[in-house]
Structure formats: structure tokens, C-alpha cells
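Work through the two exercises below with the sequence and the structure in view. Each task is followed by a solution in steps.

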Amino acid sequence: MSEQTPLLSIRDLNLHYHSSGGIVRAVDGINLDIHRNEALVVLGESGCGKSSLAKALLRLLPRNVATYSGQVLLHGKDTMPMTEERFRRDVRWSRISMVMQAAMNSLNPVVRVGEQVAEPLRVLQQWSRPKAMARVAEVFALVGISTDFLQRYPFELSGGMRQRAVLAMALVTRPELIILDEPTSALDVLTQASIMNVLKRIKQETGTSYLMITHDVGTSSELADRVALMYAGQLVETASASEFFNEPAHPYSKLLMASVPRLRQTERPGAIPGQPPSLLNPPDGCRFAARCPSRFDRCLADPPPMALNERRRVSCWLFDREAPA
Ligand SMILES: Nc1ncnc2c1ncn2[C@@H]1O[C@H](COP(=O)(O)OP(=O)(O)OP(=O)(O)O)[C@@H](O)[C@H]1O
């Protein structure tokens, strides 16, 4: 396998749900690569399908799935044909783990924190209790929790400590990739900053890759090596963090960046007029077209092509050679 083979390659991934109103196309043809020791941030407003993407990668699917298709290649090998049993044994939690949205509030209140963090090792890998607890002590040190806390119950920990504990649970099996779904959204600003620092340090010390999901441009800029911007179930731009934050290309990326308040800014940050389309019946052309100040006829009629190059992709007719000047 070449050094260039991404850690994870997502190809034409779809996750659609049945609902009383019809089919909800929450993840609709996503293509994305995540490399070793990379922090990739999937950025997007609420309801655009970010959590569905994360769940699709780990096959944490609800009962009302209508379509689940595409490829999820781990080091070039497609995991989609794997049986559930094999996926559970070889991939979920052992190689790709996840910190779910608000996970720190779903710790079991009657089980000591150390025991809970040990669970992936005890349940999935059948480690003995002493061996598992020794590893838990190691990850507690890594995330910055004193081992005194091993014997405590969740209610005895602050919000920041509980978030470190769920991070420890995601790290305990030494996964290559951790999916972080809004890892700091339930925390105060100072605790958010300390968790982001812990994430950065862990990446440096262990080489773990991250796929972080957030709606918050500020949080994403703290950690991201690359950014993938999601809109209405699809990706509209994928770029390095510096390209994305300094020279956003897609009209939605530009408007999103212009809506972020800045310290030295004198004029008011702009809001993006209109609403995202319903995922029940998204429009045929570009899904952002109705809100786009740069749209032309073709944008409303045909889905935009992915343009630019391998590392930087923009899904927009403006970047097509045939676009009007
Ligand atoms: N099990 C489900 N059944 C039907 N529709 C669903 C289901 N789960 C999510 N959806 C819908 O799919 C769309 C995408 O939801 P998802 O939670 O993935 O978005 P998100 O970007 O993570 O939003 P948020 O940031 O608010 O969590 C939304 O319209 C949501 O209502």
C-alpha cells in the first residue's frame, strides 16, 4: 500500500432516512479523504447532515434507514461489505472511535468513571480488569485527569473533566481515527479552550487523526488541518485550513466566513439571507443556488461539478471552464 493511501476514503456515501414526509437525504453523495495524523473538520450549519455522516462511517444507523450505500475505505480496503460482526470486531472502536454529541452527559451515573472508560477494552477486546485499568490510567494521564478520579462517579467530575473522560474512552483502544461530534459545544469558553488544547497535544503525541464535526467556525479554526464544508447533505468545498479560512472559494464559504465577527472589524458581520432547502426534496441544481448572490441559470438546473484539484475541491459552476466571465 502506498504512503499516499488515505487513512479513510469516503466514496459516494449516501444515508437517507424514511420519514412521514418522504425520504430525507441527510448524506447525499459525499466524497472525502482523511489522512494520517490529520485533523479534518466537517463544518456546516445545524441539520445539514454532519452527525448522519459520522454515524454512517461507524454504521450507527437508526431503524428507519432508506438507503445506506457507497464505499468507506480504511487504508484502501472497503469496509462496507464487512459483516456487522467483523465490523464490530475490527473497525468500530478499535480503529475508529467516536465522541458523540453531548456524550459527557450520557456517562452512566452509577458506574465509576475508570470502569466506564475501561469498557471498550473489557467488552470488545476481552481484556482482564487489571490490564484494562492499567491502560485507563495511561489514558487518564494523556487527557490530563488525575488517576485519583478513576474511582469517582460522573457527578463528582466537572463538565470539563467528564469531557476528558469520554475522550479517554475514545482513545483507550488506540484508534487511528477519532470522530468528534461537537466536542466542546456543551462547555464554557475556558473549558472549551482547554479541551481543544488537549486534543492538539494528543494528536501531536500519538499521531491520532480526527474527523471533527462542528457548526462553529471559531472552534474549527483551532484544530483543523483541512476543512470540508457541508451544505444540505453534500460537501461544497474541501480545502486546507489556511486556504479555507483566508481565501474561501465557494460562494457559501465566502458568505459563511463574512458572517463570523472579527475583533478589528468595524462593519457588522453579514448574515446569509434565506434558509437551506429541505432534505426531503432538495432542488435539482446547486442546493445553495437559491441563496447565492453569484448564481446564473445553470446553477438552478444542473448539479455543479467538483472543480479545482485533488486537495482542493469546490462544487460550483463558477469554477467550471464554461462559466460566464
Ligand atoms: N433518524 C432520522 N430519521 C429521519 N430524519 C432524520 C433522522 N436523523 C436525522 N434526520 C434528519 O436528517 C437531517 C440531518 O440531520 P443531522 O443530525 O445529521 O444533521 P446535523 O448537521 O448533525 O445537525 P445538528 O448539528 O443539529 O446535530 C435533518 O433534517 C434531520 O432532521
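Axes here are lines fitted to C-alpha atoms, for helices over the stretch in contact, and angles run from 0 to 180 degrees between N-to-C directions. This is a predicted model, in which local features need pLDDT of at least 70, side-chain atom pairs count only at pLDDT 80 or more, and totals for chains, interfaces and linings use all residues. Residues are numbered from 1 along each chain as its sequence is written.

**Exercise 1.** Describe how helix H5 and helix H6 cross.

Step 1. Helices are DSSP runs of H or I with at least four residues, and strands are runs of E with at least two, numbered from the N terminus. The axes of H5 (residues 159-171) and H6 (residues 189-206) come within 10 Å and cross at roughly 25°.

Step 2. Because angles under 35 degrees count as roughly parallel, H5 is roughly parallel to H6.

Step 3. Taking residues as in contact if their C-beta atoms, placed from the backbone, lie within 7 Å, H5 contributes Gly159, Gly160, Gln163, Arg164, Leu167 and Leu171, while H6 contributes Thr191, Ser194, Ile195, Val198 and Ile202.

**Exercise 2.** Which residues are closest to the ligand, and which elements supply its shell?

Step 1. Counting a residue as near if its C-beta atom, placed from the backbone, lies within 6 Å, 16 residues surround the ligand, and the closest are Tyr17, Ser46, Lys50, Ser51 and Ser52.

Step 2. Two or more residues of this shell come from each of strand S1 (8-19), strand S2 (22-34) and helix H1 (50-57).

Step 3. H1 gives the largest share of the shell, three residues.

Notes
Parallel < 35°, antiparallel > 145°, perpendicular 65-115°, else oblique. Contact = placed C-beta atoms within 7 Å.
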